[in-house]
Amino acid sequence: MNDPKVIDTLLREAPDLITPEELAALMRVNPTTVTRWVRDYGLKTISVGPRLRRFLKEDVREFLLYSDELSDSSSGEVSDG
């Protein structure tokens, strides 16, 4: 489990609904990595229209808390590569 205080500090200024681009910038990863988190690791999204998704801040927090416990089947690690 990641440090809740660090995650709370990271998300402090984030809006309650976060765009995929905002999340990618916040985490300093490629936007395709955010898409992979949704597809492969179950990061929850809200559909706000055709091909438009948003993330609830609380769902992002929960995902980040436990993301270190997720594993990629090929390498055993979650990476942004």
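Two strands count as paired if DSSP finds at least two bridges between them. The exercises below apply this rule and others to a predicted model.

**Exercise 1. Find how strands β1, β2 and β3 are paired.**

Step 1. Take β1, residues 17-18, and β3, residues 52-56: two bridges join these strands, which run antiparallel. One point to check is Leu 17, which stands opposite Leu 56 in β3.

Step 2. Take β2, residues 46-49. Three bridges link β2 to β3, again in the antiparallel sense. Here Gly 49 faces Leu 52 in β3.

**Exercise 2. Describe the largest nonpolar core and the contacts of Val 34.**

Step 1. The core holds 17 residues, and those touching the most other members are Leu 23, Val 34, Trp 37, Leu 43, Phe 55 and Val 60.

Step 2. Helices α1 (4-11), α2 (20-27), α3 (31-41) and α4 (57-66) are the elements that each give two or more residues to this core.

Step 3. Leaving aside residues up to four places away in sequence, Val 34 touches Pro 20, Leu 23, Ala 24, Val 29 and Phe 55.

Step 4. For background, nonpolar side chains in soluble globular proteins tend to be buried together.

**Exercise 3. Classify the pairing of Trp 37 with Phe 63 and say which helices the pair ties together.**

Step 1. The count of aromatic pairs is one. Trp 37 and Phe 63 form this pair, with 5.5 Å from centre to centre and 45° between the planes.

Step 2. Planes under 30 degrees apart would be stacked and over 60 edge-to-face, so the rest are tilted. The pair of Trp 37 and Phe 63 is tilted.

Step 3. Trp 37 belongs to helix α3 and Phe 63 to helix α4, so the pair ties together parts 26 residues apart in sequence. Both residues are buried.

**Exercise 4. Locate the two salt bridges and state how exposed their residues are.**

Step 1. The whole structure contains two salt bridges. In one, the side chains of Arg 61 and Asp 8 meet at 2.5 Å, N to O.

Step 2. Arg 61 lies in helix α4 and Asp 8 in helix α1, so this bridge ties together parts 53 residues apart in sequence. Arg 61 is partly exposed at 28% relative accessibility, and Asp 8 is partly exposed at 34%.

Step 3. Arg 39 forms a salt bridge with Asp 40, with the closest N and O atoms 2.9 Å apart. Arg 39 is exposed, at 58% relative accessible area, while Asp 40 counts as partly exposed at 40%.

Key: Residues numbered from 1 in each chain as written. Predicted model: local features only at pLDDT ≥ 70, side-chain atom pairs only at ≥ 80, totals over all residues. Heavy atoms only, no water. Core = buried A, V, L, I, M, F, W, Y, C linked by side-chain atoms within 4.5 Å. Buried < 20%, exposed > 50% of the residue type's maximum accessible area, 1.4 Å probe, protein only. Helix = DSSP H or I, 4+ residues; strand = E, 2+ residues; numbered from the N terminus. Contact = heavy atoms within 4.5 Å. Phe/Tyr/Trp six-rings, centres within 6.5 Å; stacked < 30°, edge-to-face > 60°. Salt bridge = Lys/Arg side-chain N within 4 Å of Asp/Glu carboxyl O.
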